[in-house]
Amino acid sequence: MAASQTSLEEFYGREIILADRELVETGADQILKDADTEDIAFLVVGDVFGATTHTDLVIRARELGIKVEAIHNASVMNAVGACGLQLYQFGQTVSLVFFTDSWKPDSFYNKIMENRKIGLHTLLLLDIKVKEQSIENMARGRLIYEPPRYMDIATAASQLLEIEEIRNEQAYTPDTPCVAVSRLGSPTQTFKAGTLKELSQYDSGEPLHSLVMLGRQVHDLELEYLYQYVDNKEEFKKFVEKDQEFFKPPPYVPPEEDELNWEYSD
């Protein structure tokens, strides 16, 4: 979040309680306390209904007869259009978490494959670990938290390549064009277009980051817009054209005359 707690309190003229994941997921009663007689505002980064925990909070409030009013906010889900890709060309959004030595979830892979098969772009939301506990501290019941971690573009691209090497189903390749999105909506927002392999070496700077993997149906206007974020325009264009051959539908083959006669005979 770009704004600090102090600046928000100065702006609103009242005390603000920082609601971390633990409070939101397990402290709904605390958040909703006295909400039937007082106005309680729940501020979120991104869209109000961008997380299932927020939806659950609304359900709980309504079950208690508490009136709920939602004021919609800007979100990465629509602001990502600033990179130049058209929003209606996006498919399913997926999340990418930090891998460990023993845990490398790849459920995102199938969704990327589905998007790519129908030519749509994929927005990948990169992991944010804030107020997380180590396995040892959790096991010992110690409320000691790890330092905050924010996945960068290079880590995301490297993990994607690692899973492709394991799955080997060619949902994407090292040459698949992508767009790195950094600090979206802030004065220092930046975009970088390149192949997945190139972005695995990219220094994306301070968080927060997202990644977009291009689909096959890249419009000429989208491509023209992305050129301002590439190192080599002609080389990037070749990678896009090469990538468009993936999942390309087979050419139309008209039915045989016998088949037509059979249909008409019915």
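Mentor: Before we start, contact means heavy atoms within 4.5 Å. The model is predicted: local features need pLDDT of at least 70 and side-chain atom pairs count only at pLDDT 80 or more, while totals for chains, interfaces and linings use all residues. Residues are numbered from 1 along each chain as its sequence is written, and side-chain values use heavy atoms, with hydrogens and water left out.

Trainee: Okay, where does L126 sit, and is it buried or exposed?

Mentor: L126 belongs to strand β2; strands (E, at least two residues) and helices (H or I, at least four) are DSSP runs, numbered from the N terminus. Buried means under 20% relative accessible area, exposed over 50%, partly exposed in between, with a 1.4 Å probe and protein chains only.

Trainee: UniProt puts L126 in a "binding site". Is G50, from that annotation, buried or exposed?

Mentor: The annotation comes from an unreviewed entry and also covers D47, S75, V76, L184 and H209, among others; positions follow the numbering used here, feature names are shortened, and annotations may be inferred rather than shown by experiment. G50 is in the loop between α3 (28-32) and α4 (52-63). Its relative accessible area is 67%, so G50 is exposed.

Trainee: In what order do the five strands of the open sheet come?

Mentor: Two strands pair if DSSP finds at least two bridges between them. β1 and β2 run parallel with three bridges, whereas β2 and β7 are antiparallel over four. β1 and β6 (190-195) are the edges, each pairing on one side only. Overall the pairing is mixed, and the order is β1-β2-β7-β5-β6.

Trainee: What angle does α8 make with β7?

Mentor: Axes are lines fitted to C-alpha atoms, for helices over the stretch in contact, and angles run from 0 to 180 degrees between N-to-C directions. α8 lies across β1, β2, β5 and β7. Its angle to β7 is about 40°.

Trainee: And what hand does the β-α-β unit of β1, α6 and β2 have?

Mentor: α6 packs on the sheet and touches β1, β2 and β7. A crossover is right-handed if, with the strands pointing away from the viewer, the path from the first strand over the helix to the second runs clockwise. The unit made by β1, α6 and β2 is right-handed.
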